[in-house]
Amino acid sequence: MAAGFYAAPGCRGEVAVLDRVTTVKTPIRITVMTKSRFFSAGGRLVDISLDDEHLKRILTGGDGYGYLKYTPRSPGYKKIKARSNSDSAEGLLLVMTKKDRAIAIEVEEGFKTAVFSDEAKQSSLKAVNALSKKYKIIYLSRFAGKSITGTWLEKQGFPKSVILGWRGPNTLTALKEKGIQLHAIIGSAAIISAAVKDIENRFTFEKTKDGTTVKDWDEILEHLQEEH
């Protein structure tokens, strides 16, 4: 399954939905994909709902993708649901105001030590929960994909939020075009290097010349909480 998609349990991956991020009154395309086993399967009717309110029935194209333009009128987290026959999947839409600020976190590198150390897990959990009170959290996944990433984050108790597949600098450009204020990014040296032009505060646990190398999440929290 392509990174960034989530198939609801029991639907065998027949329908998938992308998580999206935008700002109030800034239109986005709700994106779904229909597939059969491991291959795309276009020409299927899909009902799309937002927070259990039916929006529209669409037809996926030959490549399996279908799109619905939507303009949010209020901020918050909104549940996207796509259903095609007996198959269904859910995604998440984060709608921010122009004043909100976001922190992007690469899951694979940002929480790598948390997988092996309970102390590191508690440190990262404490930091992200504290930061989520001041900033919107946007998770980035380079390899694991949304299904695995989302399951792990939920099991560990991290704040629920959107999970975007990392597509290089284009991921950050797309967010900025939607009016998203990216205040900080946390991840691998490669990811923060790609963010040099877009994000001022860049943190990594690896050696880098393109940001701040930190030893743990407590140090990140200290940096970001010092700001006024």
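This is a predicted model: local features need pLDDT of at least 70, side-chain atom pairs count only at pLDDT 80 or more; totals for chains, interfaces and linings use all residues.
User: How many aromatic pairs does the model hold?
Analyst: Rings count as a pair if their centres lie within 6.5 Å. By this rule the number of aromatic pairs is six.

User: Is the aromatic pair of Phe111 and Trp217 stacked or edge-to-face?
Analyst: The two ring centres are 5.6 Å apart, with 15° between the planes. Planes under 30 degrees apart count as stacked, and those over 60 as edge-to-face. The pair of Phe111 and Trp217 is therefore stacked.

User: How many residues apart in sequence are the parts that Phe111 and Trp217 tie together?
Analyst: Phe111 lies in the loop between helix H1 (107-110) and helix H2 (112-116), whereas Trp217 belongs to helix H7 (residues 217-225). Because the partners sit in these two places, the pair ties together parts whose separation in sequence is 106 residues.

User: Is Phe205 buried or partly exposed?
Analyst: Buried means under 20% relative accessible area, exposed over 50%, and partly exposed in between. Phe205 has a relative accessibility of 25%, whereas Trp217 has a relative accessible area of 3% and is buried. Phe205 therefore counts as partly exposed.

User: Is the pair of Phe205 and Trp217 stacked or tilted?
Analyst: The ring centres of Phe205 and Trp217 are 6.4 Å apart, and their planes stand at 50°. Planes under 30 degrees apart count as stacked, over 60 as edge-to-face and the rest as tilted. The pair of Phe205 and Trp217 is therefore tilted.

User: Within what arc do the buried residues of H7 fall?
Analyst: The buried residues in H7 are Trp217, Ile220, Leu221 and Leu224. Seen down the axis of H7, they line one face of the helix, because they fall within an arc of 100°.

User: Which residue caps the N-terminal end of H7?
Analyst: At this end of H7, a side-chain oxygen of the capping residue lies 3.2 Å from the backbone nitrogen of Asp218. The residue that caps H7 is Asp216.

User: Which residue takes a positive phi in the hairpin of E6 and E7?
Analyst: Strand E6 (residues 45-50) and strand E7 (residues 53-59) pair in the antiparallel sense over six bridges, and Asp47 stands opposite Arg57 in E7. The hairpin has two residues between the strands. The residue with a positive phi, near 50°, is Asp51.

Methods: Residues are numbered from 1 along each chain as its sequence is written. Side-chain values use heavy atoms; hydrogens and water are left out. Helices (H or I, at least four residues) and strands (E, at least two) are DSSP runs, numbered from the N terminus. Buried means under 20% relative accessible area, exposed over 50%, partly exposed in between (1.4 Å probe, protein chains only). The arc is that of the directions from the helix axis to the C-beta atoms. A polar contact is a pair of N or O atoms within 3.5 Å; within protein, one must be able to donate a hydrogen and the other to accept it, and residues adjacent in sequence count only if both atoms are side-chain atoms. Two strands pair if DSSP finds at least two bridges between them.
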